[in-house]
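Hi,

Here is the structure I promised to pass on.

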Amino acid sequence: MLKIGPYQFEHNIVLAPMAGITDAVFRDLCRTHGASYTLAEMVASKKELWQSKKSSTRHVNINDPEPRAVQLIGTDPQELADAAAWQVSQGAQIIDLNMGCPAKKVCSVSAGSALMADPEKVKNIFQAVVSSVEIPVTVKIRTGTDNQNKNALEIALIAEEQGLQAITIHGRTREAKFTGNAEYDTIKQVKQQVNIPVIANGDICTPEQADFVLKYTSADGIMIGRASQGYPWIFREINHYLKTGQQLKKPSSLEFKQTMFKHINGLHELYGEMLGVRIARKHIGWYAQHLPNGNTLRKTFNQLNSAKEQLTLLNDYFEHGF
């Protein structure tokens, strides 16, 4: 079972923090379907952005069940330490540091996975953040910056030495971004040499793959990202398979309808109608990949500009189809 600091999780399947996706609405859906531990979207550490409109929906949601985890991204140790302390004052119970994001706009300022190229700076960041809060600090990294520089083990050892409570490793280098296949040998190697929990991430899209990765790496947990987009049921399917070795029945049409309505209504409420309507489009696009005539549903939905129209179309689709 996965344990981070004082927190023991019922299942060892974690929802990855994904910018623009894992807001309070989506986290709630994933927890409903079996994700014991969910992380909020990454938040910039810069003080002037703490209260920005974009960041305001990304902070701790006091209504989230414990532990409430926030992911911070930045490059300055003191700035990150101050941001961590502020998040704790707002109700955060776990601080996760992002050293895994490969996005160009993040890496161009030497944040995210670019930090892995500077272990000394990583050490300073760990030291500063751990000493600024009394809650568990964790980190998400990649295997390295590129195939010639795989230093996940070095970073993991620094993390353990500096008092971090868990480490998540995405099985690709920064250079690989999301191309090619994730590899799990590096994760396995790290797990053999550190005593803090290790969570494996990357290309885990099916219950069978989840089972394989857990057994192959001996990781304490696995993190699911893209496979949950439009399909929050992935968590219960994995949990069921790990427990029984059997495939769980796929969600019914009624379950799709209820979940999509709950998701879209939640987005309209969280962001307001104008932004909520826009954000709903990408989520319906992902759900549509699992539905009959999904392409038509996606295209039609994308042309709608009001919350009422979106909900009416979904209702018509499930009642009458296309």
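Let's start with the disulfides: the count is 0, taking a disulfide as a pair of cysteine sulfur atoms within 2.5 Å. Cys-30 is in none, as the nearest cysteine sulfur, on Cys-205, is 14 Å away. Cys-30 is buried, at 0% relative accessibility, while Cys-205 is partly exposed at 45% (buried is under 20% relative accessible area, exposed over 50%, partly exposed in between, with a 1.4 Å probe and protein chains only).

Before going on, a caveat: this is a predicted model, where local features need pLDDT of at least 70, side-chain atom pairs count only at pLDDT 80 or more, and totals for chains, interfaces and linings use all residues. Residues are numbered from 1 along each chain as its sequence is written, and side-chain values use heavy atoms, leaving out hydrogens and water.

Now the cavities. Searching the whole structure turns up 2 of 30 Å³ or more (a cavity is a set of points on a 1 Å grid over the protein atoms alone where a 1.4 Å probe fits but cannot get out; lining residues have an atom within 4 Å of a point).

Among the lining residues are Ile-4, Asp-96 and Met-223.

Cheers

Technical notes. 1 Å grid on protein atoms, 1.4 Å probe; cavity = no way out; pocket = protein on both sides within 12 Å on 5 of 7 lines; lining within 4 Å. Points joined across faces, edges and corners; volume = space filled by probe spheres on them.
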